[in-house]
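Please look over the fold below with its aromatic rings, cores and backbone in mind. A short briefing follows.

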Amino acid sequence: MPSTFKVISLGQQSKMDTTEGNYTAENAADLVGMSFGEAGDPLFNDVQTLSEVSASGGNRNAYDMNNNRSDDKFSIDGGSAQTFDATAVFNATLTYTDGTTANFTAVVFQDTDGKTYLAPEFSQNADQAALEAKPIQSMSLDSLAGNRYSGMTASREDSDFVTCFVSGTLIATVDGDLPIEALSVGTEVITQDGQPKPIRWIGGRTVRCYGSLIPVRIRANTLGLGLPNRTLLVSKQHRMMVASPIAKRMFGEDEVLVAAHKLVGLPGVELAVEAGFVTYWHILCDRHEVIFANGAPVETLYLGTMTKVAMSDAAWSEVAALFPQLQTHAHRLVRMTPKGHAQSKLVARMIKNKRAALERIRLPRAS
């Protein structure tokens, strides 16, 4: 998990920790009853990026609470270093922009000046799923759940675990390239591994582009071999195929799958930070597949152990009804997918050696 992650600014509040040298935020209860965000000024506008400067006090993997040594520092959006001071956990209510609500436990922390932030979870759980479910309009702190901790874990979640295409993406089907929003259950998509496969489930959702929901833009002819044949937008976690001699040397496989956000830094691959709202679409086949989007080889929705927490209850209920075996067994990945740090090393070597992501491509076999 990353030590750089998204937080939500809650402004400057009264200090939770007024006595240093212990592990208690004595005045955390003062924040109970406060609300942050409203319809005209939603919280999703206050998403910022925290980067670790140092977390080297009593625990190198955490921002320490006792503050005897003022060396646990972080920065917000690349700004000057701020010193961590305190953390507390609250029973809280999220209100989304569609008016629905969710109860969760909020991890709130402050710097020594009282600048206050909502942190993501340190692991993927129900609270993190609530934070990622929909654009957040507001949050209320309903009661104090805990104010005595050694510190706050410095490595936390920063991901959206569902792989998505954007409206307008052209998907290769037996009837030609069709916009993804025109597809339906039963449409046969062209797969790299052989016969066309029918779509078993397809779903879409419109979201505000912030944080983990900002799409990755892959400009035309960026990946190599003239692909994609037009600019492609996908979610950050959508895995793209890399077919390169570098992948072969590193992993022993000609073709591997790499999350789109890991490709940022290659010429023509960037975050579409200016995007406002976007409609993401998920395609599900009987198994995990490599299909073609704007001509480029990409994955279909992979139903792994983390997918359920990132899908709406209604969407997961549909999928679970179609694939009851997923309650106990996840899909098998159709291509090798290196760990995150290995993906980063692969892309760094491609950039250093000025190599394309697609230097060869295995076309679909005739049926």
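Which residues do ring pairs link into a cluster? The cluster holds Tyr-63, Phe-74, Phe-84, Phe-109 and Tyr-117. The model is predicted. Its chain has 367 residues, and 51% of them are buried.

**Aromatic pairs**

- The whole structure contains 6 aromatic pairs.
- One of them is stacked: Tyr-63 and Phe-84 sit 5.4 Å centre to centre, with 25° between the planes.
- That pair bridges distant parts of the chain, as Tyr-63 belongs to strand 4 (residues 62-64) and Phe-84 to strand 6 (residues 82-96), 21 residues apart.
- Tyr-63 counts as buried because its relative accessibility is 0%.
- Phe-84 is also at 0% relative accessibility, so Phe-84 counts as buried.
- Phe-74 and Tyr-117 have ring centres 6.2 Å apart and planes at 90°, so this pair is edge-to-face.
- Here too distant parts of the chain are linked: Phe-74 is in strand 5 (residues 72-76) and Tyr-117 in strand 8 (residues 115-119), 43 residues apart.
- Both Phe-74 and Tyr-117 are buried.

**Nonpolar cores**

- The largest nonpolar core comprises 42 residues.
- Residues with the most contacts inside that core include Phe-165, Ile-171, Met-240, Ile-283 and Met-350.
- Beyond its neighbours within four places in sequence, Ile-171 is in contact with several residues, among them Phe-165, Leu-178, Leu-183, Ile-283 and Phe-292.
- A second, separate core has 33 residues, including Met-65, Ala-102, Tyr-210 and Tyr-280.

**Backbone exceptions**

- Most residues other than glycine have a negative phi, and most peptide bonds are trans.
- Leu-227 and Pro-228 are joined by a cis peptide bond, with omega about -10°.
- Pro-228 lies in the loop between strand 17 (216-218) and strand 18 (232-234).
- Leu-225 is placed in the loop between strand 17 and strand 18, and its phi is positive, near 60°.
- Lys-354 has a positive phi as well, near 55°.
- Lys-354 lies in the segment after helix 5 (340-353).
- Lys-354 counts as exposed because its relative accessibility is 78%, and the cut-off for exposed is over 50%.

**Whole chain**

- The chain has 5 helices and 24 strands.
- Of the contacts between residues at least 6 apart in sequence, 69% join residues at least 24 apart.

Technical notes. Residues are numbered from 1 along each chain as its sequence is written. This is a predicted model: local features need pLDDT of at least 70, side-chain atom pairs count only at pLDDT 80 or more; totals for chains, interfaces and linings use all residues. Side-chain values use heavy atoms; hydrogens and water are left out. A nonpolar core is a set of buried Ala, Val, Leu, Ile, Met, Phe, Trp, Tyr and Cys residues joined through side-chain atoms within 4.5 Å. Buried means under 20% relative accessible area, exposed over 50%, partly exposed in between (1.4 Å probe, protein chains only). Contact means heavy atoms within 4.5 Å. Helices (H or I, at least four residues) and strands (E, at least two) are DSSP runs, numbered from the N terminus. Rings of Phe, Tyr and Trp (its six-membered ring) pair if their centres lie within 6.5 Å; planes under 30 degrees apart count as stacked, over 60 as edge-to-face and the rest as tilted.
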